[in-house]
Amino acid sequence: MGAFLTLGIISFLYKDNPWYKFCEALFVGISAGYWFCTVFWSQFVAKLWDNIYPTAGQPRQYVYLVGGILGLMMLLRLVPKIGWFSRWPLAFVVGGTAGAYLIGYALSNGMKQVKSTILPLWVSGNLNATVGNIILVVGTFCGLIYFFFSKEQKGTYGKVAKLGIFFLMITFGASFGYTVMARMSLLIGRMDFLFGTWLGLIK
Amino acid sequence: MRREIPILIAIVVGFVYVIQFFVPHAPFDKFQNWGNDWIQIIAGFAIILGVLNLLKVSLEKVYKKSKGWGYAVIIIIGFLIMTGAGLFFSGGKNYQNPGTPFYYIFFNIYFPLNATMFAILAFFVASASYRAFRARNKEATLLLLAAIFLMLGRTPLGDYLSAGLPTGWQLKNISDWIMDFPQTAGQRAIMIGIALGIISTSLRVITGLERTFVGGE
Amino acid sequence: MEFWQKLLAIDRRIIFIFVAFAIIVPLFIIAPPGFLKKIDVSLPVQSLYDYVENLPPGSKIMIAFDYDPPTTPELQPMAVSFLKHCFTKDLKVIMLGLWPQGPVQAQFAMEREILVDEKIKAKNLQYGIDYVNLGFQAGNEFVILRMGTDIAAAFPVDYFGTRTKEIPLMKDVKNFDNIRLVYNISAGYPGTYEWVIFAGDRFGVKIAGGNTAVQYPHNSPYVQTGQLVGLLGGMAGAAGYEKVSGYLGKATKYMLSQAVSHAMVIFFIILGNLAYFITRGRKV
């Protein structure tokens with residue numbers, strides 16, 4: 001069955017066809033069922049129900065009811081007339097995310113990255129480290145200048161921004177190289193399944 | 001009422017999460033623990049909302065006999081089979097155990113479909129590289145060269161091709177150098193940029209200036 | 001000139017066939033030992049290995065399986081070689097997932113690779129004592145934040161529905177203070193980014209990552225800052241860990257296909273550019 005479905009998806013490479021569409025629709029349906037079941041057992045039963053109605057000897061934790069009510073309000077989005085109730089749990093998540101991200105990103109991606117960029121521009125007896133540090137400091141600074149759009153990028157300022165673009169291009173190039181690696185890996189896995197696991201041709 | 005209460009909720013929750021970082025004591029720590037638990041539960045309901053919405057759209061398609069309604073039937077059948085297996089025929093909480101119908105469907109249907117769906121992207125990446133990856137100007141050439149050095153340097157292929165070069169100057173070393181210095185510098189600029197963006201957006205939410213998430217009346 | 005113009009307008013399915021060959025044919029070829037010797041063990045891979053190697057027996061390691069079936073070829077080998085390394089060192093392993101399919105991947109790794117390995121069999125591993133699978137919880141970074149104060153509250157039951165508090169291994173594990181390393185194997189969001197920000201920097205626990213190649217460049221700056229103990233990137237990173245730990249597996253097996261497919265893509269890039277520059281200014 002796995003091979004039939006794998007080939008069904010691969011058939012899209014030739015052109016869009018009913019076999020592929022069948023596999024695609026089946027994937028969407030099974031996927032929805034998978035998420036539903038996983039959430040049902042891990043959230044509704046384990047996290048919500050078992051905390052409110054625990055096994056004997058455990059205290060009931062009614063505080064989880066609030067989460068349950070907020071969750072149910074989320075589902076009201078499906079009812080157009082009272083759909084606006086879903087904004088409450090949404091606001092809760094947005095507020096929590098804003099608070100957590102404000103601190104988290106300021107610390108990890110803001111201050112720690114800036115701190116690690118404050119490097120000595122001359123490392124005695126180590127040319128490699130000297131050049132590397134200069135690239136790190138200049139590259140980060142110029143990249144940030146490029147992202148600052150409140151000032152027109154021309155003159156010296158524009159040249160610094162242009163240097164920033166060069167660094168960003170190298171970054172995107174590296175990302176592209178790694179993306180190729182990732183995509184090829186995924187295909188290797190499927191081909192190994194078809195020719196190894198299914199047909200038994202690869203040892 | 002429809003807009004003010006959600007904005008107020010976001011402000012209060014946001015403030016509590018920020019204050020808790022600096023004052024990790026009662027009552028803020030307790031409230032944040034509750035908040036985390038509630039958000040976990042809300043996230044669960046949000047997933048269910050997505051699933052129900054998919055079913056609603058699919059059922060509408062079948063009811064109206066829209067184009068491709070047959071595939072909507074397959075979506076519904078697939079959902080019912082997986083849900084039936086997971087909720088009723090796989091031993092309750094042990095639904096993921098090897099040997100259960102849920103496990104069988106996961107491994108024999110879900111796994112190959114999901115894996116292959118993304119695997120075929122390899123073909124399109126190769127095709128796009130051929131058609132669109134051009135050294136049109138200095139910037140594109142830099143991008144292209146960095147990609148090629150990385151692709152070569154990250155596999156033993158690079159070692160074979162640069163075996164004659166002095167130690168420290170082989171393709172592997174060049175790709176390491178690109179990753180350690182210019183790539184890190186560019187990536188760091190992006191990270192700091194994103195962090196600044198997130199900080200300003202979060203501040204807007206917490207101070208009640210950002211209201212787009214509540215929509216209109 | 002006409003040849004180059006035709007070449008530029010080539011049917012994409014012909015490219016697809018070349019790619020398929022570049023991937024499939026090397027799978028049938030056993031890579032020569034010289035090729036395997038050239039698999040690179042990068043510094044972030046080596047530092048993760050060294051960190052685990054220096055942990056005292058009985059230390060608790062947490063592995064977050066944040067990926068799904070598509071990325072299995074590059075991430076599962078990272079999980080398998082790391083698990084084998086941990087169990088050989090007599091470390092205790094707590095597995096979980098912020099992706100619903102993650103804990104299933106953990107279960108696959110244990111059933112199909114770890115518990116059937118002769119060396120590991122001799123250790124007579126016991127579920128709940130030597131390792132545990134806490135399953136999935138929705139909520140992304142908020143699950144991590146909750147784990148910072150109480151892991152059992154974030155994951156009330158394990159993969160099999162047993163209460164977390166009743167599992168012997170979890171009895172003296174309250175939060176990240178009792179964990180020596182969180183190794184996050186991830187294919188996107190939530191992943192290493194979130195573990196670094198909300199667990200590592202917030203609660204002080206050591207974090208290491210095993211990333212898809214797509215993610216690797218985004219997370220690599222964390223290595224230089226010391227926010228990550230080590231980082232494995234894509235199939236190359238997985239093969240590197242297999243090499244350094246001595247548990248050769250699928251990543252090593254796939255490296256030949258990986259190398260040839262890279263060469264094929266580079267060939268297409270060069271060919272495409274050649275055709276572009278020769279025919280520049282002419283309509284195709």
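**Reading domains, helices and interfaces**

Visitor: Where should I start with chain C, and which domains does it have?

Guide: Chain C divides into domain 1, made of 1-29 + 260-284, and domain 2, covering 40-248. The C-alpha centres of these two domains of chain C are 40 Å apart. Keep in mind that this is a predicted model. Its scores are ipTM 0.91 and pTM 0.94, and chain C has an average pLDDT of 94, with 98% of the residues at 70 or above.

Visitor: What is the strand order of the open sheet in chain C?

Guide: Read across its 6 strands, the order is β3-β2-β1-β4-β5-β6, and the pairing is parallel. At the edges sit β3 (131-136) and β6 (231-233) of chain C, each pairing on one side only. Ignoring direction, neighbouring strands of the sheet are turned by 15° against each other on average.

Visitor: How many bridges join β1 to β4 in chain C?

Guide: There are 6, linking β1 (residues 60-66) and β4 (residues 181-186) of chain C in parallel. To find your place in that pair, take C:Ile63, whose bridge partner in β4(C) is C:Tyr183.

Visitor: Which strands does helix α5 of chain C lie across?

Guide: Helix α5 (residues 72-88) of chain C lies across β1, β2, β4, β5 and β6 of that chain, at about 160° to β4(C). Helix α13 (residues 234-245) of chain C lies across β5 and β6, at about 125° to β6(C).

Visitor: How are two packed helices described?

Guide: By two quantities: the angle between their axes and the distance between the axes. In chain B, helices α3 (residues 69-88) and α4 (residues 101-119) pack at about 140°, with axes 7 Å apart. An angle over 145 would count as roughly antiparallel; α3(B) and α4(B) are therefore oblique to each other. On the α3(B) side, the contact uses B:Ile81, B:Met82, B:Ala85 and B:Gly86, and on the α4(B) side B:Pro101, B:Phe102 and B:Ile105. By class, these residues are 6 nonpolar, 1 polar and no charged.

Visitor: Now the interfaces: how many residues of chain A are in contact with chain C?

Guide: On chain A, 38 residues are in contact with 45 residues of chain C. Helix α6(A) gives the largest share of the chain A side, 17 residues. That side has 20 nonpolar, 14 polar and 4 charged residues.

Visitor: And how many residues do chains B and A bring to their contact?

Guide: Chain B brings 102 residues and chain A brings 99. The chain B side comprises 77 nonpolar, 17 polar and 8 charged residues. Among the helices that each supply at least two residues to it are α1 (4-22) and α2 (28-63) of chain B.

Definitions and conventions. Residues numbered from 1 in each chain as written. Chains lettered and ligands numbered in written order. Predicted model: local features only at pLDDT ≥ 70, side-chain atom pairs only at ≥ 80, totals over all residues. pLDDT = per-residue confidence, 0-100. Domains from an automatic or database assignment. Axes fitted to C-alpha atoms, helices over the stretch in contact; angles between N-to-C directions. Helix = DSSP H or I, 4+ residues; strand = E, 2+ residues; numbered from the N terminus. Parallel < 35°, antiparallel > 145°, perpendicular 65-115°, else oblique. Contact = placed C-beta atoms within 7 Å. Nonpolar A, V, L, I, M, F, W, Y, C, P; charged D, E, K, R; others polar. Pairing = 2+ DSSP bridges.
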